[in-house]
Amino acid sequence: MKVYKFQIQKTTFNMKYTREDYKRFLNTELETQMKEYEQLVNTKAIVLKERGEVFVGIFLKLNSNGIAIFKVRNSDNMPRKNSFWTAVYLNGDKGKFKNWGDASWSELRQNYQRSYTDSFCAWISKSDEPDFCLIGIKNLTIEFADLLEEGKTIIAFGPKDPPLQYLLNLSDIVIDSNTHKINQILDYEEQDNQWNPIKIGANSDLSGMILEKMNSIDCIVVQGPPGTGKTFRMAQLVSWLLKSNKSVLVTALTNQALIELAKKEDIKPFLDSSKVYKTSLTVDESKDLPKLLPNRDNLCNPTKGHLSLATFYLSSGWAKNVTDIPFDYVIMDEASQALYPMIAATMKLGKKVIWIGDQNQLPPIVMTNEDIINRFNWSEIVNGFKSICDNFSYDSYML
């Protein structure tokens, strides 16, 4: 037994990061984001409204594109076009800002929130009523939109929620030492790996190469710079997998990346046969792709021959909770925007994993000061995709 303990100490001595290192970074990032956010949301809601950091609107209707149109008073500070918000349905008379009293934005949400969703101000225009203007809001989930009554429902729009749950999920994932695949990724020794991917021409059969390779290996890395047909190739690969009755998860940082994949011609037969589901499906997405099915409860559902689409934020929660690997294949798009623990999370979700990204794109956005990241040598935790490419000799391709 003593010899066993000595061997464990010896093998972990040269690890690039301990599990505590990962936790320390994630906790630091979480605290940094919470500090800034809490200072804002603990301010009186009426003060935030006066400053233009909160506004209210009366729901008028959904247009044919799935954009929700709201009426907002001209005397209020207007939201900027192309700005992100959290839309909040407050119960009872708290929908009217005159009834907010001294409550902070946080207190209103904790005590009176009926529902909420991410939202995006797509446009602003004049109204027939001189005291009002109209704003077009995208990204409302179907479940949220179902609560809205035309001409009656008042919605408050406030600061966009930071991805705190995402960081908490990753914190739980990095303490998992019982999953062999997680250990392989997180407990690595720093390598001077020569990144030397196989170059893939425009007419090459990347899907065929990957499928053949994955008969004998579990992980593949694909570098896909902008304009190289990455999404088109990914759709071809997904189509082949679904035809082979595999359960497939595609996860990405943004909903937009998932929708772009779902729009590809190779995915259409599976949309038509009700085999493609998306978490947090929005009204405008549903109007754009009427046959795309909502995963209404955002549950991990690895059905054979079906495709699940989920952002990092939701799929990280699945990875935290699963005991057995649920999907046959996981494809991570926008992998260059993934923190290293999110790269590791895919190993808990898929028996076979394909990471697609580009080391030359911007790394993930974090709030932790760069000096702190450099002081603790956390850069490889932040730049997850680059770390995989630099420290592992997985089979790799470059479009």
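**View 1. Phe 84 and Phe 120 as a tilted aromatic pair.** Phe 84 is partly exposed, with a relative accessible area of 48%, whereas Phe 120 is buried at 15% (buried is under 20% relative accessible area, exposed over 50% and partly exposed in between, with a 1.4 Å probe and protein chains only). The model is predicted, with local features requiring pLDDT of at least 70 and side-chain atom pairs counting only at pLDDT 80 or more, while totals for chains, interfaces and linings use all residues. Residues are numbered from 1 along each chain as its sequence is written, and side-chain values use heavy atoms, without hydrogens and water. The two ring centres are 4.9 Å apart, with 50° between the planes (rings of Phe, Tyr and Trp, the last by its six-membered ring, pair if their centres lie within 6.5 Å; planes under 30 degrees apart are stacked, over 60 edge-to-face and the rest tilted). Phe 84 belongs to strand E3 (residues 83–90) and Phe 120 to strand E4 (residues 113–126), 36 residues apart (strands, E, have at least two residues and helices, H or I, at least four; both are DSSP runs numbered from the N terminus).

**View 2. Tyr 22 and Tyr 340 as a stacked pair.** The whole structure holds 17 aromatic pairs. Because Tyr 22 lies in helix H2 (residues 19–41) and Tyr 340 in helix H14 (residues 340–349), the pair ties together parts that are 318 residues apart in sequence. Both Tyr 22 and Tyr 340 are buried. They also belong to one aromatic cluster with Tyr 17, Tyr 188, Trp 355, Phe 392 and Tyr 394.

**View 3. The largest nonpolar core, of 46 residues.** Such a core is a set of buried Ala, Val, Leu, Ile, Met, Phe, Trp, Tyr and Cys residues joined through side-chain atoms within 4.5 Å. Among the residues with the most contacts inside this core are Tyr 22, Leu 339, Tyr 340 and Trp 355. Helix H14 supplies the largest share, seven residues. A second, separate core has 36 residues, including Leu 241 and Val 250.

**View 4. Lys 49 over the face of Phe 97.** Lys 49 lies at 3.9 Å from the ring centre of Phe 97 (NZ of Lys or CZ of Arg must be within 6 Å of the ring centre and within 35 degrees of the ring normal). Arg 114 lies over the face of Tyr 89, at 5.0 Å from the ring centre.
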